[in-house]
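Have the 3D view open as you read.

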Amino acid sequence: MNNRTTKKLIPGLGARVKAVRNRQGLTLQVAATRGGTTPQTLVQLERHDLATTRTLNCVSRVLGVTIDELLGRKGAS
C-alpha cells in the first residue's frame with residue numbers, strides 16, 4: 001500500500017488541527033474547500049486522529065503551519 005492513501009493514527013493530531021482551525025475562524029467546510037479535501041475527511045482527522053500524507057499536506061497548507069507543528073514535534077514554531 002502507498003502511504004499517501006493509508007490512514008495513520010497520529011495521537012493528538014485532531015486536537016491540534018482543530019485548535020489552529022478555530023483560532024483562524026475557519027469552519028470545516030471552508031478549511032476543506034481551501035485544502036482540496038472534504039469536510040468528512042477533516043472530521044475524521046479531528047475526531048479520530050486519522051490522516052493520510054495527502055491530508056496532512058493539505059491541512060498544513062490551508063492552516064499556514066508546518067507538518068511538524070501539526071504532529072506536535074518539539075522545536076516546531
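How many cavities of 30 Å³ or more does the structure hold? There is one, and about 60 Å³ of space lies in this largest cavity. Keep in mind that you are looking at a predicted model. Its protein chain has a mean pLDDT of 90, with 91% of the residues reaching 70 or more. Among the elements, α1 has the highest mean pLDDT, at 97, while strand β1 (residues 8-9) has the lowest, at 93.

Three helices, α1 (13-23), α2 (28-35) and α4 (53-63), each supply at least two lining residues. The biggest contribution comes from α4, which gives four residues. Among the lining residues you can find Val 17, Arg 21, Ala 31, Gly 35, Thr 37, Leu 42, Cys 58 and Val 62. Sorted by class, the lining has eight nonpolar residues, two polar ones and one charged one.

In soluble globular proteins, nonpolar side chains tend to be buried together. Here the largest nonpolar core has 17 residues, and those with the most contacts inside it are Leu 13, Val 17, Leu 45, Leu 56, Val 59, Leu 63 and Leu 70. At least two core residues come from each of α1, α2, α3 (39-48), α4 and α5 (67-71). Once again α4 has the largest share, with four residues.

To finish, zoom in on Leu 56. Beyond its neighbours within four places in sequence, Leu 56 is in contact with Ile 10, Leu 13, Ala 51, Ile 67, Leu 70 and Leu 71.

Note on methods:
Residues numbered from 1 in each chain as written. Predicted model: local features only at pLDDT ≥ 70, side-chain atom pairs only at ≥ 80, totals over all residues. Heavy atoms only, no water. 1 Å grid on protein atoms, 1.4 Å probe; cavity = no way out; pocket = protein on both sides within 12 Å on 5 of 7 lines; lining within 4 Å. Points joined across faces, edges and corners; volume = space filled by probe spheres on them. Nonpolar A, V, L, I, M, F, W, Y, C, P; charged D, E, K, R; others polar. pLDDT = per-residue confidence, 0-100. Core = buried A, V, L, I, M, F, W, Y, C linked by side-chain atoms within 4.5 Å. Buried < 20%, exposed > 50% of the residue type's maximum accessible area, 1.4 Å probe, protein only. Contact = heavy atoms within 4.5 Å.
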